[in-house]
Amino acid sequence: MHKLLAGVAVLGLWLGCLAQIQGQEMTEMYIPIGQSPGVSGRSSLVGAIESVNVQNQTLAVSGPSGIQAIVLTDRTRIWLDRTLARLPNQIGTLANLQKGLHVEVKLRDADQKRVAEWVKVQVTESGAPARKP
């Protein structure tokens, strides 16, 4: 009986964690740059775009540990962080990634290469892209 209760408790904890993770994935685009719980500062890179290669789908981001080369895929989501303008965030495109812009890049956990799961680009009050603060 104790094993059954322990198993149910572990299953409940696991399902609770899974629901929380899925909930954050669904709302991630609305979280400002650098404020994602459990992501920012752990599995993401915050910095400025150094260069973008649209043909190769790569991005170079200058962060605290230097310039990092990031691979973008067709599955990489790009979001415009419009919190400075007090507006809801929007879905962006590769065209929104420009040199000098302030970004946060979430890296995939299991990849050896630095592949982006998502990229957030900060936008100013006027709606123009924001430069690194």
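Biologist: Hi! How many bridges pair β2 and β3, and in which sense?

Modeller: Hi there! In this predicted model, β2 and β3 pair over six bridges, in the antiparallel sense.

Biologist: What about β1 and β2, how do they pair?

Modeller: Those two are antiparallel as well, with five bridges. Asn-53, for instance, has Thr-58 in β2 as its bridge partner. β1 and β2 also form a hairpin, with four residues between them. Gln-57 in the turn has a positive phi of about 50°.

Biologist: Is β2 mostly covered or mostly open?

Modeller: Mostly covered: β2 spans residues 58–63, and five of its six residues are buried.

Biologist: Let's zoom out. What is the strand order in the whole sheet?

Modeller: The sheet is open and has seven strands, in the order β3-β2-β1-β6-β7-β4-β5, with mixed pairing. β3 (66–71) and β5 (90–91) are at the edges with a single partner strand each, so one side of each has no neighbour in the sheet.

Biologist: Which way do β6 and β7 run relative to each other?

Modeller: They run antiparallel, and five bridges join β6 (residues 102–107) to β7 (residues 116–122). Within that pairing, Val-103 has Val-121 in β7 as its bridge partner.

Biologist: Changing topic to charges. How many salt bridges do you count?

Modeller: The count comes to three salt bridges. In one of them, Lys-120 pairs with Glu-28, and the closest N and O atoms are 2.7 Å apart. That pair links distant parts of the chain, with Lys-120 in strand β7 and Glu-28 in the loop between α1 (2–27) and β1 (44–53), 92 residues apart.

Biologist: Are Lys-120 and Glu-28 buried or exposed?

Modeller: Both Lys-120 and Glu-28 are buried.

Biologist: Nice. Which residue does Arg-77 bridge to?

Modeller: Arg-77 forms a salt bridge with Glu-117, and the closest N and O atoms are 3.4 Å apart. This one connects strand β4, where Arg-77 sits, to strand β7, where Glu-117 sits, and the two are 40 residues apart.

Biologist: How accessible are Arg-77 and Glu-117?

Modeller: Arg-77 is partly exposed, with a relative accessible area of 33%. Glu-117 counts as partly exposed too, at 23% relative accessibility.

Biologist: Why does Lys-106 count as buried?

Modeller: Lys-106 counts as buried because its relative accessibility is 8%, and the cut-off for buried is under 20%.

Biologist: Last one, about a proline. Where is Pro-88?

Modeller: Pro-88 is in the loop between β4 (77–81) and β5. Its relative accessible area is 53%, so Pro-88 is exposed.

Biologist: And how far is Pro-88 from Ile-31, in sequence and in space?

Modeller: Pro-88 and Ile-31 are 57 residues apart in sequence, while their C-alpha atoms are 9.8 Å apart in space.

Terms used:
Residues are numbered from 1 along each chain as its sequence is written. This is a predicted model: local features need pLDDT of at least 70, side-chain atom pairs count only at pLDDT 80 or more; totals for chains, interfaces and linings use all residues. Side-chain values use heavy atoms; hydrogens and water are left out. Two strands pair if DSSP finds at least two bridges between them. Buried means under 20% relative accessible area, exposed over 50%, partly exposed in between (1.4 Å probe, protein chains only). A salt bridge is a side-chain nitrogen of Lys or Arg within 4 Å of a carboxyl oxygen of Asp or Glu.
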